[in-house]
Amino acid sequence: VYDGVWCRNPRDCSDLVSCTQSRSFENNTLDNTTTVPSAFELYIMASPEIKNPQNANQCGNLREYLGFDFDYPDDRVICEE
């Protein structure tokens, strides 16, 4: 907030990309068979893809998909949830 006017702080969402799209959900059991992904893993795999972490619209869409405001200021908090 600057003189009562809110301006979006330009930032990238690399943290958000690393905790969602860069994750590997391949689960192997003791007998080396692959298990079915959990509901959470399927939810994350279906999330909007970020092609450019500098793109505010792509980042905002992913934040909203995960249940946060479009302009939520701290992607690390989203990853911890």
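## Largest pocket

The residues that line the largest pocket comprise eight nonpolar, one polar and two charged; here Ala, Val, Leu, Ile, Met, Phe, Trp, Tyr, Cys and Pro count as nonpolar, Asp, Glu, Lys and Arg as charged, and the others, Gly among them, as polar. The space in this pocket is about 170 Å³. Of its 11 lining residues, F40, I44, L66, I78 and E81 are the closest to the centre. Helix 2 (39-45) gives the largest share of the lining, three residues, while helix 1, helix 2 and helix 4 each supply at least two.

A pocket is an open set of points on a 1 Å grid over the protein atoms alone, where a 1.4 Å probe fits and protein lies on both sides within 12 Å along at least five of seven lines; lining residues have an atom within 4 Å of a point. Grid points are joined across faces, edges and corners, and the volume is the space filled by probe spheres set on the points.

## Basis of the model and overall fold

This is a predicted model, in which local features need pLDDT of at least 70 and side-chain atom pairs count only at pLDDT 80 or more, whereas totals for chains, interfaces and linings use all residues. Residues are numbered from 1 along each chain as its sequence is written, and side-chain values use heavy atoms, with hydrogens and water left out.

The protein chain has four helices and zero strands, in the order α-α-α-α from the N terminus. Helices (H or I, at least four residues) and strands (E, at least two) are DSSP runs, numbered from the N terminus. Of the 81 residues in the chain, 23% are buried, that is, under 20% relative accessible area with a 1.4 Å probe, protein chains only. Among contacts (heavy atoms within 4.5 Å) with a separation of 6 or more, 48% join residues 24 or more positions apart.

## Helix 3 and its surroundings

Helix 3 covers residues 56-65, and its buried residues are C59, G60, L62 and R63. Viewed down the helix axis, these residues fall within an arc of 160 degrees, so they line one face of helix 3; the arc is that of the directions from the helix axis to the C-beta atoms. The elements that cover them include helix 1 (14-20) and helix 4 (75-80).

At the start of helix 3, a side-chain oxygen of N55 comes to within 2.9 Å of the backbone nitrogen of N57. After helix 3 comes G67, with a positive phi near 90 degrees.

## R63 and D75

R63, in helix 3, counts as buried because its relative accessibility is 3%. Beyond residues up to four places away in sequence, R63 touches R11, C13, L16, F68, D69, F70, Y72, D75 and I78.

D75 belongs to helix 4 and, at 6% relative accessibility, also counts as buried. The C-alpha atoms of D75 and D15 are 6.2 Å apart, although 60 residues separate them along the chain.

## T20 in helix 1

T20 lies in helix 1 and is buried, with a relative accessible area of 5%. The side chain of T20 reaches the backbone oxygen of L16 at 2.8 Å. Apart from neighbours within four places in sequence, T20 is in contact with I44, L62 and L66.

Notes: Buried means under 20% relative accessible area, exposed over 50%, partly exposed in between (1.4 Å probe, protein chains only). A polar contact is a pair of N or O atoms within 3.5 Å; within protein, one must be able to donate a hydrogen and the other to accept it, and residues adjacent in sequence count only if both atoms are side-chain atoms.
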